[in-house]
Amino acid sequence: MCLDVLEKFSFEPTTLSLTGDGGVIFLILLEIVLGDRCNSGFLKCITVLLLFLLYPILNSNDKQAESPINEYVQNQLQEVVKKLRERTTTYKEKLTDPVISSPEPSPTAKEAKPEEDHYCDMLCCKFKRPPMKEYIKKMKLPESIDSYTDRRYVGWLFLVTVAYNWNCWFIPLRLVFPVQTPSNMIYWIIIDILCDIIYVGDLLIFQPRVQFVRGGDIIVSKEMKKFYKSSLKFRLDVFSIIPFDVLYVIFGFNAIFRANKVFKHLTFFEFNDRLEAIMDKAYIYRVIRTTGYLLFILHVNACLYYWASDYEGLGSTKWVYDGKGNMYLRCYYWAVRTLITIGGLPEPVTMFEIIFQLLNFFSGVFVFSSLIGQMRDVIGAATAGQNYYRSCMDNTVSYMNTYSIPRIVQNRVRTWYEYTWDSQGMLDESELLEQMPGKMQLAIAVDVNFAIVSKVDLFKGCDNQMICDMLLRLKSIVYLPGDFVCKKGEIGREMYIIKQGEVQVLGGPDGTKVLVTLRAGAVFGEISLLAASGGNRRTANVVAHGFANLFILDKKNLNEILLHYPDSEKLLKKKGKVLMKKTGKPVGPPQTAKGFSLLTQKIEPPKMFKALLGGKGGGMAAIIKLKREQEAQVVI
């Protein structure tokens with residue numbers, strides 16, 4: 001609305017003549033309209049109307065005497081009117097064309113202050129450290145915790161496991177052996193309090209945030225707390241933090257009041273599962289854990305032996321501990337010899353000693369055999385691949401000996417087995433991938449092989465999904481030094497991609513000249529995939545120079561894939577024709593003539609007819625030649 005009024009309120013700067021107070025008033029009103037101090041559109045519209053009404057009055061014919069002030073006002077008015085017209089024109093263009101930006105300069109962005117560097121002085125060194133905000137962000141716990149992938153949760157479980165093992169190992173020790181004295185009681189209490197704080201933190205902070213799966217869905221809402229509270233783990237955790245330690249005040253310091261701390265065993269087993277899932281060689285931890293079980297059982301047995309000796313009286317019989325030397329080591333030594341059934345121990349004397357010794361023998365046989373069997377399974381699982389490799393190699397060697405295979409061939413077979421196992425850790429990668437779902441197979445194949453296949457010129461421009469499907473059909477084969485990958489004259493039905501090693505292309509008259517050396521990432525034989533029926537013959541020998549690991553793509557597999565990608569099939573055929581023309585190889589079968597081309601087509605005469613008509617050495621040619629010689633003699 002203001003713009004429409006301003007357009008009607010036309011000024012002529014050359015004829016404008018406002019003087020005195022009228023000019024000053026006019027300038028003030030224009031300042032309100034044009035200035036940025038007034039943000040109210042309604043006020044600006046009222047001011048424009050006042051200008052429209054007051055202009056005839058202010059611009060009366062009653063001209064005052066000219067003065068320096070009047071001249072200054074006159075010049076300012078003329079400048080203001082010019083700016084007013086320019087601004088009115090600009091805003092009209094902006095309304096008609098919203099793409100035009102505002103003539104007003106955009107506010108400049110304030111320069112961000114660089115973060116201050118935090119340095120830490122230690123001795124004579126000065127090193128940079130991240131600010132405290134970054135530490136707080138890293139330490140902040142998320143609303144939900146994925147127990148399978150969050151390493152912070154695994155670290156916390158390790159801390160809980162340390163506290164749990166402290167209680168499991170030292171509660172029996174403190175209960176039986178006289179290790180708690182008034183001088184060191186404060187240290188035992190401090191460590192017990194720290195363990196209890198860890199238990200409470202796990203109960204209140206971490207466990208209620210752990211995600212769980214229900215019906216295939218990952219639950220990350222407030223239902224996590226309800227799920228945890230309804231589980232057996234919550235009830236055991238609550239029981240393990242009940243402070244029975246307050247009974248110390250009544251009965252004195254006795255470790256039996258902390259026996260409930262060992263019921264947090266579910267967290268210990270959860271830590272074992274999570275740690276094995278993230279370790280590269282989990283069998284190492286399994287061996288260490290099984291050894292720890294054995295040592296703990298021996299530890300408990302040593303505590304029981306000292307309790308039995310104390311019950312009977314130290315040194316009262318030959319069977320009990322006599323109280324000499326280090327009491328824990330002497331009892332532990334007795335426990336080891338008893339559980340492992342080594343023998344050579346003093347005979348029990350009293351009925352209590354006999355029953356105790358019998359129970360020890362029975363439990364020792366059972367526990368020790370169980371642990372030995374578990375250790376055997378752990379070691380067997382760790383060496384299962386190695387055992388499979390040895391079994392395959394032994395069976396192959398036995399087969400070759402049965403059929404009297406030459407020694408040279410047997411040595412090459414052994415070399416292939418050894419190199420394949422050392423380089424891959426398995427004999428056939430496809431056997432491992434077959435156990436996984438198709439999507440996981442594709443994900444692994446893309447990470448391992450996509451970068452190599454995507455560089456092949458033949459497949460550039462093809463559908464990415466087609467290339468991904470093709471990755472699942474690649475086969476990895478190891479060639480020994482001097483092995484022929486392909487020979488000259490063979491029918492080519494495969495394409496080769498060098499994964500590792502080098503191959504040499506041989507040519508020349510005798511087929512021993514090295515034409516080119518292909519290294520990792522190179523491709524050869526791709527034309528054979530698109531050759532016409534009947535195949536494409538190899539034009540040179542390709543030999544492995546050293547150990548070479550190659551990917552092979554079969555023509556049959558490619559055709560099965562291209563059935564689902566017609567556009568990629570057309571593109572590959574077009575590229576195949578261009579490549580085969582460059583190499584001078586036939587593009588396809590000869591085309592049969594159709595239509596009018598049959599009339600213009602030159603038909604080659606039969607060989608017999610050509611011989612009769614004058615071919616080299618033909619009978620008709622000899623007769624014609626003899627007749628011409630006779631005619632020449634008659635003329636002479």
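Guide: A charge sits over a ring if NZ of Lys or CZ of Arg is within 6 Å of the ring centre and within 35 degrees of the ring normal. In this predicted model, Lys264 lies over the face of Tyr199, at 5.5 Å from the ring centre. The charged end of Arg274 is placed over the ring of Tyr148, with 4.3 Å to its centre.

Visitor: What should I know about numbering and confidence?

Guide: Residues are numbered from 1 along each chain as its sequence is written, and side-chain values use heavy atoms, with hydrogens and water left out. As the model is predicted, local features need pLDDT of at least 70 and side-chain atom pairs count only at pLDDT 80 or more, while totals for chains, interfaces and linings use all residues.

Visitor: How many residues does helix H13 have, and what is its reach?

Guide: Helices are DSSP runs (H or I, at least four residues), numbered from the N terminus. The expected span is 1.5 Å times one less than the number of residues. H13 covers residues 327-339, which is 13 residues, and its first and last C-alpha atoms are 18 Å apart, close to the expected 18 Å.

Visitor: What is found at the start of H13, and what just after H13?

Guide: At the start, a side-chain oxygen of Asn326 comes within 3.1 Å of the backbone nitrogen of Tyr328. Just after H13, Thr341 has a positive phi of about 55°.

Visitor: Which residues of H13 are buried?

Guide: Buried means under 20% relative accessible area, exposed over 50%, and partly exposed in between (1.4 Å probe, protein chains only). In H13 the buried residues are Cys331, Tyr332, Trp334, Ala335, Arg337, Thr338 and Leu339.

Visitor: How many aromatic pairs are there?

Guide: A pair of aromatic rings is described by the distance of the centres and the angle of the planes. Rings of Phe, Tyr and Trp (its six-membered ring) pair with centres within 6.5 Å; planes under 30 degrees apart are stacked, over 60 edge-to-face, the rest tilted. The structure holds 33 such pairs. One of them, Trp319 with Trp334, is edge-to-face, at 5.7 Å between centres and 90° between planes. Trp319 lies in the loop between H12 and H13 and Trp334 in H13, so the pair ties together parts 15 residues apart in sequence.

Visitor: Are Trp319 and Trp334 buried or exposed?

Guide: Trp319 is buried, at 1% relative accessible area, and Trp334 is buried at 5%. Tyr328 and Tyr332 form a tilted pair, with 5.7 Å between centres and 40° between planes. Both lie in H13, four residues apart, about one turn of the helix. Tyr328 is partly exposed at 25% relative accessibility, whereas Tyr332 is buried at 18%.

Definitions and conventions
Helices (H or I, at least four residues) and strands (E, at least two) are DSSP runs, numbered from the N terminus. A polar contact is a pair of N or O atoms within 3.5 Å; within protein, one must be able to donate a hydrogen and the other to accept it, and residues adjacent in sequence count only if both atoms are side-chain atoms.
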